[in-house]
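Could you walk me through this structure, starting with its sheet and ending with its charged pairs? A tour in plain paragraphs would be welcome.

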Amino acid sequence: RVCDQLRNQGDDASRTRPVDHFIRYAESAPEALIEALKSRGFDVTDTGEGLECVKVHTAELETVHEVTMDLTELAEEHEADYDGWGCVVAKADVPPN
């Protein structure tokens, strides 16, 4: 799990940082999905194979679970698949960028 990997690297999950979420689609990005993501505060990039959706939030398990469940449901509504998330390690003793 990403949360375990972050913790093992000394991450302070309570620190906010940009978190990347990924959604795959079959043929082309559903415009309604992109608009729904933007309305939820995500910056969205269409990579041609999927959507990279970036939003600033913590990496705390409760927060990540809430966001990933919402994105999973949203993706399914638009015939797409949520494909995971990732972020940089944010250590407590290092100032944020």
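What follows is a guided look at this predicted model.

Let us begin with the sheet. Four strands make up an open sheet, arranged in the order β2-β3-β1-β4 with antiparallel pairing. At the edges stand β2 and β4 (80–87), each with a single partner strand, so one side of each has no neighbour in the sheet. On average, neighbouring strands are turned by 20° against each other, direction ignored.

Two of the pairings are worth a visit. Strand β2 is joined to β3 (residues 50–57) by four bridges, and the two run antiparallel; here T45 stands opposite E52 of β3. Although β4 is an edge strand with a single partner, β4 is mostly covered, with six of its eight residues buried.

Now for the helices. Helix α2 lies across β1 (17–25), β2, β3 and β4, and runs at about 10° to β3. Helix α3 (residues 61–77) also packs on the sheet, where α3 touches β1, β3 and β4 and its direction makes about 155° with that of β4.

Between α2 (31–39) and β2 (43–46) there is a loop, and F42 lies in it. Is F42 buried or exposed? F42 counts as buried because its relative accessibility is 5%, below the 20% cut-off. Leaving aside neighbours within four places in sequence, the contacts of F42 are H21, L37, C53, V54, K55, V67 and L71.

Side chains of opposite charge can pair when their charged atoms come close. The count here comes to four salt bridges. One of them joins R40 to D70, with the closest N and O atoms 2.8 Å apart. This pair links distant parts of the chain: R40 sits in the loop between α2 and β2, D70 in helix α3, 30 residues apart. R40 is partly exposed at 31% relative accessible area, and D70 is partly exposed at 29%.

Another salt bridge, between R7 and D4, has an N to O distance of 2.4 Å. Both residues lie in helix α1 (residues 2–8), three residues apart, or about one turn of the helix. R7 is exposed at 53%, while D4 is partly exposed at 30%.

Finally, R17 forms a salt bridge with D11, their closest N and O atoms being 3.0 Å apart. In this pair R17 is buried at 4%, and D11 also counts as buried at 13%.

Notes: Residues numbered from 1 in each chain as written. Predicted model: local features only at pLDDT ≥ 70, side-chain atom pairs only at ≥ 80, totals over all residues. Heavy atoms only, no water. Buried < 20%, exposed > 50% of the residue type's maximum accessible area, 1.4 Å probe, protein only. Contact = heavy atoms within 4.5 Å. Pairing = 2+ DSSP bridges. Axes fitted to C-alpha atoms, helices over the stretch in contact; angles between N-to-C directions. Salt bridge = Lys/Arg side-chain N within 4 Å of Asp/Glu carboxyl O.
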